[in-house]
Amino acid sequence: MFRSPVGCLFLLSAFAACNPTGNETAPDAGSADAGFTVGAKDRLLLQGTVVTPWEAFDGQVLVEGSRITCVAPGSACEEAPGAPGATRIDTGGVIAPGLVDTHNHILFDVFDGDDWTPSRTYRNHNEWTSEPGYQAMLEVKHCLSDDSQGKPGWCAQTPYGTATGSLRCEMDKFGELKGLIAGTTSIVGLAGTSGACFGSLARSIDTGANGLGSDRVRTSALFPPSAATATSVCGAFADGGVNAFLVHCGEGTDVAALNEYATLGALGAGCLKAPQTTLTHGTAFGSNELSDMASHGVRLTWSPRSNASLYGDTANIPGARAAGVQVALGPDWSMGGSQNLPEELRFAQAWDTSHWNGSLTPQDLVVMATANGAAVVGQSQQLGQLAVGFLADLFVVRGDRQNPNQAIVEATPRTVALVLVGGVVQYGDELWRDAAASPDDCEALDVCGSPKVLCMAVPDGGAKLSQTWTDVSTALGNAMDVVDTARDAGDGRHYAPLPPLVTCGY
Ligand SMILES: [Zn+2]
């Protein structure tokens, strides 16, 4: 990209790095010759090391509108009809499918380990939910998001515990953004009710605002789901209204957690043992349960860091894979879990090395976080891969192009250089701001010292879609102060300040 010296000076003073010749260089660029040419805003030709994730090669990805229209080695996409006149970026990095987070409690992402952490090693999920510290944090969440149940008395002294005062939109956006800047483009957030305001960042894929035209994902964060839920879900499996059911099961290490598998299997005459079902956690499962899951096509979502934090152990992933169970990944939440999905990938890799003798390759881990995640949410025909016809949910990360899957595992919001959701530039290096559809509507964001651009606000979007990051972070930050004053519980607990989107230095 060429800018006049005046433009460069403006950018220098505002956000970007420029050198005296007027040529811009990416702050973290692996090579200084990364090319950038602004052309058509609805067509983007990316060059770099492509991870599909089934194979990796130096090549190109062409995006037209919301879809991928070419993926090929070398410069073969130059010949595609949509290539001439497209915006072009020689990324100098790794181009990967957007990560699919299959387990998060997104409205809890405004908390971190300062707000609650496990006080000991538990045996099942019923042992920590009654702890005073957890209950106090839960009350804050109920108040801020105006949950239908569980609002504490002090909430009435705040503006939040009402339909108009609710910060549910801001909380969901915070969680979506926390994932987005780390390359995550779809999140199972278990947010409960949906809202149009959820639709401007990563896909809250288990809501109607997922940008897919319909929500065919059902979830159950509590165990066991009711018999009525099982009957309803299985009926919707049959008529196609639901193609993914995600349920917490087997969370813990004792017999109570193990027995959840039999309990789930008995619901609805066993109809939930189906290829649409994914069990979240499964830490208690042995070879019998894993074999039975495989025989019914039931998948597993793995959250190793959260499991280790709460229970001192995690699911038997080598056993699950040997049995034929497909495994996906999710960080669960930040109170003992990871900040984002790549951080969870790194924990998974370290756990595999120390406990399972390195049974998982970097590609295995990337497949879990992309193609397998897409299968878990019933979207394996259009998400989780770089392939022609798939939605252009993808990201670029700077790192070792000779080991591109490992570069994905090591991604951080600082090294993630570009994120597209449905072909729309939402986050990336400031250097590439003009690749966005409306660059002036994007905001500058400093991420661990790296100048980034965030395209979050939908001008005139209404329903809080027009909020900027500044709007959202200010509202949430103020809310934590208000909550601390309103609680005045004398228990020493406080929730301000709002945690950062990312903790730097890792
Ligand atoms: Zn969970």
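Predicted model: local features only at pLDDT ≥ 70, side-chain atom pairs only at ≥ 80, totals over all residues.
Student: Is Leu190 buried or exposed?

Tutor: The cut-off for buried is 20 or more other C-beta atoms within 10 Å. Leu190 has 21. Leu190 is therefore buried.

Student: What phi does Leu190 take?

Tutor: Most residues other than glycine have a negative phi. Leu190 is not a glycine, yet its phi is positive. The value is about 50 degrees.

Student: Is Asn357 buried or exposed?

Tutor: Asn357 sits in the loop between α9 and α10 (362–369). It also has a positive phi, about 60 degrees. An exposed residue has 12 or fewer C-beta neighbours. Asn357 has 8 inside 10 Å, so it counts as exposed.

Student: What is omega for the cis bond between Ala496 and Pro497?

Tutor: Pro497 lies in the segment after α13. A cis peptide bond joins Ala496 to Pro497. Its omega is about 0 degrees.

Student: How many charged residues does the contact of α3 with α13 have?

Tutor: The helices pack at about 120 degrees, with axes 10 Å apart. From α3 come Glu170, Lys173, Phe174 and Leu177. From α13 come Trp469, Val472, Ala475 and Leu476. By class there are six nonpolar residues, no polar ones, and charged residues numbering two.

Note on methods: Residues numbered from 1 in each chain as written. Axes fitted to C-alpha atoms, helices over the stretch in contact; angles between N-to-C directions. Helix = DSSP H or I, 4+ residues; strand = E, 2+ residues; numbered from the N terminus. Contact = placed C-beta atoms within 7 Å. Nonpolar A, V, L, I, M, F, W, Y, C, P; charged D, E, K, R; others polar.
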